[in-house]
Amino acid sequence: MGIRIFILLTLLPFALRGGTNPYWQQRVNYTMQVKLNTQLNELSATYKLVYYNHSPDTLSSIWFHLWPNAYLDNHTTYAQHKLSGGDEELQNKDSIVYGGIDSFSWKGNGIPLTISPHPKKSWSREVVEIQLSSPLLPGDSVTITTPFRVKLPETRSRLGYYGSSWQITQWYPKPAVYNQQGWNLMPYLDQGEFFGEFGNFTVEITVPDSVGVAASGICLTPGEQAYLERLTTRVDSIPFPSSPDSTRTFTYFLDQAHDFAWFADAHFKASYQDTFIQGKPLRAWAFYQPYRDSFGITEPLRAIRAVAFYSKLVGPYVYPEVKVVEGVMPAGGGMEYPAITLINEMMDTLSLEEVILHEVGHNWFYGMLGSNERKYPWMDEGINTYYENRYMDEFSPPDTAIKKGGINLMGFNLNIDINNNKSLFDLGARQFYRYGRFSNPGLASTQYTNFGYGQFVYGLGSRSMDVLSAYVGQSRFDQGMQKYYQDWVLRHPLPNDIQQSLEKSWGVSLDTFMGKYMESSHLLDVGIQRYRSSSQILKVKNRSSITLPVVIRSYKGLEFRDTVLVLSPGGSRWSLPKADRYVLDPEKNFLDRNINNQVWITGKLCGGWKPRIQWVFPKDELPKRFPILVAPAIGGNYHDGLLAGAYFSNLSIPLSGFRFTLLPMYAFNAHQLRGSGQIMWTMPIPDVGKWGVSFTADQYSGYTRYRPQIEMSWLPFRGGRGVEHTLAVAWNEVQWRDVFPEIKLTAYGIGSIDYEAFHKTREHKGVIHSRIEYKPGGFVSLQQELLGRKRYFQQEYIQLRLFAGVMPWRPSVDSVFQFQFSGSTDYLMRQVMFDRLGQSNDFKMGMRQTDGTMGGFGGYTSALYSQGLISANLKVDLPGIKYFALFGDIGQGFGQRLQSVVWDAGICIRVIPDYWEVYFPFLGSIYPDHIAPYNKYQIPVRFMFRLENFTPDQLIKKLK
């Protein structure tokens, strides 16, 4: 019972079951002739499609995808999706060679057809509806013909050319899948693969006679087949043709497939090997560049190993050939198509083995089991990654050295196998969970960020399969997946279809708790609470809301015994034989959000739990050890002089819920102990974000500050793209000491509310920051900041900041609490300031530190404004001159007798943009004749150095 319940809960989220109508699917047969013009980088083609209506519906039209039009410009859905994810190549518009598909003349059964674009504007050039001249009845077929031309882009994503190499994929008009869910329409994207009807392809490919071709299917023309075989002995590359007049034509045939891809190269070499797998002949090909002969020797063997592995565990390979092509494709390490895969050049044998295994494996999940990856990406990438991980775990290929070790990041040893994808996925999932960005793998591909797609679809999708295989048993799991293959090979399974196949194989129902699993965005959390040796009772806590059977491993010396514990929510007590130690889920079969409570050592206080002091770059980080990071620290400011001490923290990767940092330092000028510290507790809010409370204390010469704060952050949807929102409410208690007698204010408290909406890609950044400050009996301050940054040339940006602040109520006036153009007086002590009060001689000569707030001027002006201030700051990176930018500021203050417009301009050195910058003003309204003086008496230079953003906890946060 327990194991069955667990199976229900660890399957991926499934879609609701469909109706009980008999299954049907359409069929399409293609006949195409295509010619590659290597001078113009164009395809000219003729197209004949026989469309068979096997549905019970009468069709008046057929929807088609024209996916090469995704490359028309930067306004397509593909381009916008890439730009929103920070794509650098598309941001440089001037260097892009665009492409597209055109020159149609559509006919149906010889009669001209009417074409209508999709009503959604962003889809209208890629998705079109072809109105049939007469209704297509159930059981009938229609023959659709047209010529077409494809202007190839310079290779981006999956289509295009690069030098004398051409990647021809998603290149022809492709009818959308029509099934029980209706028309499955989608624009081109390279996140989430494509969906097509099964049928056969007969494709004639004409290329210059010195260009080799690798395509889906088998070559039917004997002469061209012989030419391909001769490529295996080709030593020198044949010169690139000067004229396309001399050509050769390859005819390829592919049956039982939903896509056709081909690749051409003027320098192809090839190798192949013939073998038998499960009694069926198979030819494995490798196509590669002449300087990569080692690739040609080994890759047919790697492809054969992959086909044999999947054929044994899942089901027979239906195609007579498998091909691996080494070429150019920016879409990751490789890309799969039926019977052929393109991979990028790999620098080590381990990566090569893994990418070939993974991409060839897609012939099962996505290829022969034609699921809709755009809607259900886990059905391909998640399951296929499970088999990839299983292969890499179980086999050590003869020519592959799998080395294991840890990763050290910023002083933290992650204690993971650098070649084990499961370890990496688990680490990322825990980090996502801590920030409230955890998702399940059952969303559509478009709902994930680029990183989240890999994390949740590949990672959690495969980990769910790990759980099933661990608790059902490997042999039963394999039987269930083989049943799924037998039921749905060469068809279009939906999530409920794999569920039904597994139910039939295992004899269990998988419905009972499916809803609970689908609604949960929590990671599992199971841990050992205590063991009483007197009663031999082990207490295991289950903080999850679902019943879980978990393996507990009891060790006596080197010998161990495994027991399955069925844990209800809340946990249970178990009587177990006495052992030296107990390990929960020793094989890490399920993803637990806290692995540090899964080991109990008998005879040790708290089961061996104890703090573990470790210096920067520790050797290891063992479970059940509470790591305390210790690192040397050095600093300084004008008042304290040199500061030296140590940094203590329990920071870890991923971040834990409770964190502390302590920074005690000795001030050599003041001869006193100084420093700061913070304690923080955060909790994720599933499907929303996270919230937390913190308390910060600082003490340096001149002041002491205490800051309790409550903060919440959230995203539009879990794990997805969009704007991040943060709301923070804090009380700031500041006490000035009498080190500076000119400051009469000794203590004050200010409440603050900050709201920020933040969105950033590599192309742009947008920030809206609103702040309310209230000092009882003192003032109310309202501040609004808008920041926009846009890339305008390669790595160069234009940044505009607008600021407005007003104090509508201030019964008393104090110079500390006023607006100024040159940043703020930082009366809340949020920034690290080297000379907070401007006491040093260097500062008196004109140099000042800015925090970039309030007016945000690059030049310095001492004017203070008690009523309000508005300003604009512009910063433009200089093209081709890295780290240099022009800046200009303009603003007006209110509440001073002189209320004229203030401005300045100059050059900024952006050592680390937004963190460490130096401003050299050359012009300004405050200077004589508006020219900034540079002499031995005055150096009007300003700098910004945000040290508080370089602490380890801030750097780790950026890993989110």
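Q: Quick one to start: which residue in strand 8 does Thr114 stand opposite?
A: That's Gln131. Keep in mind that we're looking at a predicted model here.

Q: And how do strand 7 and strand 8 pair, parallel or antiparallel?
A: Antiparallel, over 4 bridges, with strand 8 covering residues 127-136.

Q: What's the strand order in the sheet they belong to?
A: The order is 7-8-3-12, in an open sheet of 4 strands with antiparallel pairing.

Q: Which strands stand at the edges there?
A: Strand 7 (114-117) and strand 12 (174-175). Each has a single partner strand, so one side of each has no neighbour in the sheet.

Q: Okay, strand 11 next. Are its faces covered or open?
A: Both are covered. Ser165 and Gln167 are buried on one side, and Trp166 and Ile168 are buried on the other.

Q: How many bridges does strand 11 make with strand 10?
A: There are 3, in the antiparallel sense, and strand 10 is residues 160-162. Within that pairing, Tyr161 has Trp166 as its bridge partner.

Q: Switching to helices. Is helix 10 largely enclosed or open?
A: Largely enclosed by the rest of the structure, because 9 of its 12 residues are buried.

Q: Which ones are buried?
A: Pro495, Asn496, Asp497, Ile498, Gln499, Ser501, Leu502, Glu503 and Trp506.

Q: How far apart are the end C-alpha atoms of helix 10?
A: They're 17 Å apart. At 1.5 Å a residue, the 12 residues (495-506) should span 16 Å, so the two values agree.

Q: What follows helix 10?
A: Gly507, which has a positive phi near 70°.

Q: At what angle do the axes of helix 9 and helix 10 cross?
A: Roughly 130°, and the axes come within 8 Å of each other; helix 9 is residues 474-488. That angle makes helix 9 oblique to helix 10.

Q: Left-handed or right-handed crossing?
A: Helix 9 passes helix 10 in a right-handed crossing.

Q: Which residues make the contact?
A: From helix 9 you get Arg476, Phe477, Gln479, Gly480, Met481, Lys483, Tyr484, Asp487 and Trp488. Helix 10 brings in Asp497, Ile498, Ser501, Leu502, Lys504, Ser505 and Trp506.

Q: Where does Tyr366 lie, and is it buried or exposed?
A: Tyr366 lies in the loop between helix 5 (349-361) and helix 6 (381-394). With a relative accessible area of 2%, Tyr366 is buried, since the cut-off is under 20%.

Q: And Met829, what's the phi there?
A: Positive, about 55°, and Met829 is not a glycine either.

Q: Which loop is Met829 in?
A: The loop between strand 46 (819-820) and helix 12 (841-844). Met829 counts as buried, at 2% relative accessibility.

Terms used: Residues are numbered from 1 along each chain as its sequence is written. This is a predicted model: local features need pLDDT of at least 70, side-chain atom pairs count only at pLDDT 80 or more; totals for chains, interfaces and linings use all residues. Side-chain values use heavy atoms; hydrogens and water are left out. Helices (H or I, at least four residues) and strands (E, at least two) are DSSP runs, numbered from the N terminus. The expected span of a helix is 1.5 Å times one less than its number of residues. Buried means under 20% relative accessible area, exposed over 50%, partly exposed in between (1.4 Å probe, protein chains only). Two strands pair if DSSP finds at least two bridges between them. Axes are lines fitted to C-alpha atoms, for helices over the stretch in contact, and angles run from 0 to 180 degrees between N-to-C directions. Angles under 35 degrees count as roughly parallel, over 145 as roughly antiparallel, 65 to 115 as roughly perpendicular and the rest as oblique. A crossing is left-handed if the near helix is turned anticlockwise from the far one by less than a right angle, and right-handed if clockwise. Contact means heavy atoms within 4.5 Å.
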